[in-house]
Amino acid sequence: MAFTLENKSKFMEMLKARNKPNAPALRYRGSRILEVYPAAPQPRQYEGVPPKVADAYHNLWKAHRAGLTADAVVSMARICLEAICATFDLRKSTLIKKIDELLEEGLITKHIADWAHNLRTLGNKAIHETE
């Protein structure tokens with residue numbers, strides 16, 4: 001693509017915007033936006049994480065980044081906890097019992113079990129107190 005006066009002014013706009021905090025800058029081709037600077041951050045990728053857990057985590061991360069309500073984010077965190085429990089061959093049926101079983105089997109520490117129970121409780125309140 002040839003460098004034209006129009007391209008130069010768009011390039012200058014992009015440079016000016018990059019110097020402003022929190023202001024996205026754009027790179028154009030004609031009237032089409034090719035890129036936005038800075039690029040939106042992406043969630044980390046963890047090796048060995050089961051796909052359902054990774055999907056639940058990414059949805060949770062996106063909800064948090066999008067600024068959804070605390071109730072929505074907590075509900076999604078609880079879904080992530082459910083996905084983690086589903087990766088184990090647990091005999092129990094409720095989340096409270098699954099967390100306790102993970103602790104009994106030595107798969108999580110007491111500290112993590114307490115945290116998981118707090119998250120479960122917050123998730124229950126977020127989901128059920130609006131009914």
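What pattern does the chain follow, read along the sequence? Going along the sequence, the answer is α-β-β-α-α-α-α. This is a predicted model, in which local features need pLDDT of at least 70 and side-chain atom pairs count only at pLDDT 80 or more, while totals for chains, interfaces and linings use all residues. Residues are numbered from 1 along each chain as its sequence is written, and side-chain values use heavy atoms, with hydrogens and water left out.

**View 1. The whole chain, by its elements.** Five helices and two strands make up the count here; helices (H or I, at least four residues) and strands (E, at least two) are DSSP runs, numbered from the N terminus. Of the 131 residues, 27% count as buried, meaning under 20% relative accessible area, with exposed over 50% and partly exposed in between (1.4 Å probe, protein chains only).

**View 2. Helix H4 and its buried residues.** H4 runs over residues 95-104, and its buried residues are Leu-95, Lys-98, Ile-99, Glu-101 and Leu-102. They sit on the same side of H4 because they cover an arc of only 160° around the axis (the arc is that of the directions from the helix axis to the C-beta atoms). Their cover includes helix H3 (70-86) and helix H5 (110-128). After H4 comes Gly-106, with a positive phi near 75°.

**View 3. Ile-96, also in H4.** Ile-96 is partly exposed, at 37% relative accessible area. Skip its neighbours within four places in sequence, and Ile-96 is in contact (heavy atoms within 4.5 Å) with His-117 and Arg-120. Thr-121 is 25 residues from Ile-96 in sequence, yet the two are 9.2 Å apart in space, C-alpha to C-alpha.

**View 4. The largest pocket.** Its volume is about 400 Å³, that is, the space filled by probe spheres set on grid points joined across faces, edges and corners. On a 1 Å grid over the protein atoms alone, a pocket is an open set with protein on both sides within 12 Å along at least five of seven lines, where a 1.4 Å probe fits; lining residues have an atom within 4 Å of a point. There are 22 lining residues, and Val-53, Tyr-57, Cys-80, Ile-84 and Trp-115 lie nearest the centre. Helix H2 (51-65), H3, H4 and H5 each give two or more residues to this lining.

View 5. Searching the whole structure turns up zero disulfides (pairs of cysteine sulfur atoms within 2.5 Å).
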